[in-house]
Amino acid sequence: MIARLLGVGALVVAAAVFPAVAGAYPVKLLQEILVWGVFAMSLDLLLGYAGMVSFGHSAFFGIGGYVAALALKQSPHLLSALVLPALAAALAALVIGFFSIRVSGVYFIMLTLALSQMFYAYAFQVAWLGAEDGIIGVPRPRLLGLDLANATAFHLYLVALIGLAALVLWRVVRSPFGHVLRGIQENEGRMEAVGYAVQRYKLVAFVMAGTLGGVAGSLYTQFVGSITPDAFFWTTSGEALLMVIIGGTGTLWGALLGAGAFILLQSLVSSYTERWMLILGLTFVLFVLFAPGGIVGALSGRVGRRA
Amino acid sequence: MDQLTRRRFLRTASVAAAGAAVGPWVLRAEGQSGPVKIGVVLPYTGVYAVLGESITQAMELVFARENWTVAGRKIEMIKEDDEMKPPVGIRKTEKLIDSDKVDILTGPVHSGILMGMRDKVHNSKTILIVSNAGADAISRERCSRWIFRTSFSNWQPCQPMGGWVAKNVSKEVFQIAPNYQAGKDMMAAFRETFLPAGGKLIAEDYPKLGETDYAPYITKIKQSGAKAVFAFFSGTDAVNFVKQFDQFGLKQTVRLTGAGFLTEPDVLPAQGKSALGVLTGHFYTPVLDNPVNKQFVKDFKARYNNKTPDGFACQGYDTAEVILRALKAVNGNTQAKDKLVDAIARVEFDSPRGRFRFDPKTHNVIQPFIYVREVREVPEFGLTNVPIDKVADVRDPGTGCTLPA
């Protein structure tokens with residue numbers, strides 16, 4: 001336990017000092033992996049713990065991203081950068097979750113997909129969100145007198161926030177609440193029979209995941225300084241699902257590893273060949289066939305204890 | 001700590017000092033004799049790969065003509081696939097600027113990617129030559145002295161068509177375009193000259209992007225009594241709209257006109273004879289009768305398996321020509337960026353589309369001509385866009401752009 005915490009601490013420190021030893025582009029890649037990692041981890045809470053396969057997680061990424069963009073343009077402060085996007089995403093998750101958790105399996109997938117694509121269609125068309133060009137020229141916030149336009153400050157801010165998000169998620173899945181979610185994944189009917197208010201647990205999990213997804217979207221906006229309707233598109237959800245599955249569902253840090261693997265494959269392999277999709281697809285097939293536990297499962301030989 | 005520490009320290013320190021002293025010289029020398037790096041961000045996978053391919057092929061054709069050297073330096077093209085996704089395109093831009101340290105960047109096709117990469121390009125003072133994306137804003141309130149555009153602003157092919165249609169086709173027009181900003185902008189650009197010329201807008205309608213069934217819209221057009229339609233669609237939407245417009249028998253009574261993309265060579269084969277007689281405005285068509293274009297079409301066909309170049313290829317050709325001519329003008333020196341930017345702004349040459357030059361006010365191309373083209377069947381080319389009229393010197397108004405003239 002202590003050793004694990006120390007290990008995680010060492011990783012956080014390593015990520016924090018990475019810019020000191022690496023060039024600008026590797027640092028950008030690391031930052032992007034971290035941002036997508038948070039998004040994938042928030043999806044893993046649904047997919048790997050509560051057993052809810054959501055294909056509409058992009059809705060929260062987009063809402064977080066757009067709210068951050070609009071708010072930061074008004075006033076570049078912490079409230080705009082984190083609080084408002086998180087609240088907006090939570091609210092959206094509450095509404096979407098309220099309707100979606102009533103169904104399960106394929107119907108849940110279809111409903112979440114449909115609802116998220118409504119956001120896409122809206123953002124793509126309305127002028128006040130910049131239509132298909134999105135919102136550009138978003139300034140980074142000022143935090144405790146620290147201007148995050150500074151590359152080093154922004155990197156530390158990202159690493160700290162992402163470490164915090166991981167810590168929160170880790171506490172959640174290890175809490176009694178997390179165990180109930182696992183129980184729901186294993187056998188929903190039995191959990192209900194035992195007396196748990198299954199629907200309420202599922203809704204809370206959905207809102208938590210949505211909120212964190214919104215934070216990831218907001219961090220993405222701050223990272224690139226713009227946001228486009230593609231953030232809402234179903235491929236955003238699909239890529240996050242790929243990251244979670246490649247990394248290993250129900251492990252949290254697997255999602256982070258999966259995000260790393262996906263983005264590195266996408267960025268590095270595609271510089272060498274136009275057929276990089278083929279390589280990504282094959283990787284995915286091989287993982288599903290031979291390492292159903294994802295990267296984490298493969299690393300621990302599938303006998304290690306679950307996180 | 002052992003005895004070697006001091007000696008090792010001294011050795012390391014002296015090497016480091018020597019390196020620091022010589023470094024700038026080595027780097028500067030490399031900057032002028034190493035290859036000129038040209039970063040290309042275009043879609044190479046997905047449905048828009050054909051556009052990226054056309055642009056790239058034409059660039060390679062021009063560079064190959066110069067044996068991949070300019071002013072004594074090798075030309076190196078670093079191609080990156082943006083997948084038409086803004087997050088990917090922006091990441092690739094960062095890679096080309098920060099990691100590859102390209103001298104000149106070109107691309108993209110997607111306006112969202114262009115808007116997303118704009119700040120990175122502007123702040124890092126990287127020279128970007130836009131080879132397709134038509135977002136008007138990049139020649140207006142979001143213009144930058146580091147950004148040039150060889151392709152078009154969305155406004156350019158549409159605005160001259162308004163007056164022309166009012167004068168030569170009909171004063172009663174129905175407008176139709178997909179329901180998104182670029183579509184609405186193009187319709188507005190058309191009205192800028194259409195209404196003052198006495199035109200009357202009968203009605204307008206905006207089907208959703210990716211619509212497959214245009215029957216309700218075509219019925220509306222029929223009932224409206226309009227004598228002509230001005231449409232903007234591209235890709236599969238253009239195929240579906242043009243085919244259904246013909247199948248519903250509207251072609252006999254209502255004249256179909258539109259922005260050039262409606263009948264570009266990427267959709268024309270699928271539209272087939274349904275497209276015959278459609279009138280569109282665009283800055284290029286492969287049948288243009290000028291010596292540069294004839295040579296271009298001949299070379300392009302010879303190199304690429306008898307493929308006819310399209311407007312996208314013309315954009316690639318001009319992008320490569322601009323790069324070559326500007327680099328020659330500064331004698332291959334890419335370090336003095338201000339001089340290179342000035343040299344690019346001054347480039348002027350005969351392009352397949354006519355006399356090519358940039359507008360000093362916006363760094364956007366001044367279209368030598370917007371050709372009014374009719375789809376006809378021509379012996380050598382098959383179905384193609386034949387120019388029947390032209391409007392000269394079409395420059396974007398550049399509203400809100402404050403570049404020094």
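The following questions and answers examine how descriptions of this predicted model follow from its computed values.

Q: Why is Leu114(B) called buried?
A: A residue counts as buried if 20 or more other C-beta atoms lie within 10 Å of its own. Leu114(B) has 29 other C-beta atoms within 10 Å, so the residue is buried. Leu114(B) is found in helix α4 of chain B.

Q: Which residues are in contact with Leu114(B), leaving aside its neighbours within four places in sequence?
A: Contact requires C-beta atoms within 7 Å. Leu114(B) is in contact with Pro108(B), Val130(B), Ala133(B), Ala135(B) and Ile138(B), once neighbours within four places in sequence are left aside. As for Asn132(B), it stands 18 residues from Leu114(B) in sequence, and the two C-alpha atoms are 9.5 Å apart.

Q: What makes Trp170(A) partly exposed?
A: The term partly exposed covers residues between the two limits, 20 or more C-beta atoms for buried and 12 or fewer for exposed. Trp170(A) has 18 other C-beta atoms within 10 Å and is therefore partly exposed. Trp170(A) belongs to helix α6 of chain A, residues 151-174. Its C-alpha atom is separated by 19 Å from that of Leu241(A), which lies 71 residues apart along the chain.

Q: Why is chain A called as compact as a globular protein of its length?
A: The globule rule gives 19 Å for 307 residues, and the radius of gyration of chain A is 19 Å, close to that value, so chain A is as compact as a globular protein of that length. Along its principal axes the C-alpha trace of chain A spans about 50 × 45 × 40 Å. Chain A has 13 helices and 2 strands.

Q: How many of the residues in chain A are buried, as a percentage?
A: Of the 307 residues in chain A, 52% are buried.

Q: What makes β2 and β6 of chain B edge strands of their sheet?
A: The sheet is open and has 6 strands in the order β2-β3-β1-β4-β5-β6 (chain B), with mixed pairing. β2 (69-70) and β6 (147-149) each have a single partner strand, so one side of each is left without a neighbour in the sheet.

Q: How do you know that β2(B) and β3(B) pair?
A: Pairing requires at least two bridges between the strands. β2(B) and β3(B) have 2 bridges, in the antiparallel sense. Val70(B) stands opposite Arg73(B) in β3(B). Helix α2 (residues 49-65) of chain B packs on this sheet, where it touches β1 (36-42) and β3, and its direction makes about 160 degrees with that of β1(B).

Q: What makes β8 and β15 of chain B edge strands?
A: Another open sheet of chain B has 7 strands in the order β8-β7-β9-β10-β11-β14-β15, and its pairing is mixed. β8 (200-205) and β15 (382-394) each pair on one side only, and they are the edge strands. Neighbouring strands of this sheet are turned by 25 degrees against each other on average, direction ignored.

Q: How many residues of domain 1 of chain B are in contact with domain 2 of chain B?
A: The domain assignment gives domain 1 (33-152 + 288-365) and domain 2 (155-282). There are 8 residues of domain 1 in contact with 11 residues of domain 2. By class, the domain 1 side has 3 nonpolar, 3 polar and 2 charged residues. The C-alpha centres of domain 1 and domain 2 of chain B lie 30 Å apart.

Q: Which element gives the largest share of the side of chain B that touches chain A?
A: The contact takes 24 residues from chain B and 25 residues from chain A. Elements giving two or more residues to the chain B side are β3 (73-81), α3 (86-99), α4 (111-123) and α6 (181-194) of chain B. The largest share, 8 residues, comes from α3(B). The chain B side divides into 8 nonpolar, 7 polar and 9 charged residues.

Conventions. Residues are numbered from 1 along each chain as its sequence is written. Chains are lettered from A and ligands numbered from 1 in the order in which they are written. This is a predicted model: local features need pLDDT of at least 70, side-chain atom pairs count only at pLDDT 80 or more; totals for chains, interfaces and linings use all residues. Two residues are in contact if their C-beta atoms, placed from the backbone, lie within 7 Å. Helices (H or I, at least four residues) and strands (E, at least two) are DSSP runs, numbered from the N terminus. Ala, Val, Leu, Ile, Met, Phe, Trp, Tyr, Cys and Pro count as nonpolar, Asp, Glu, Lys and Arg as charged, and the others, Gly among them, as polar. Axes are lines fitted to C-alpha atoms, for helices over the stretch in contact, and angles run from 0 to 180 degrees between N-to-C directions. The radius of gyration is taken over C-alpha atoms; the globule rule is 2.2 Å times the number of residues to the power 0.38. Domain bounds come from an automatic or database domain assignment.
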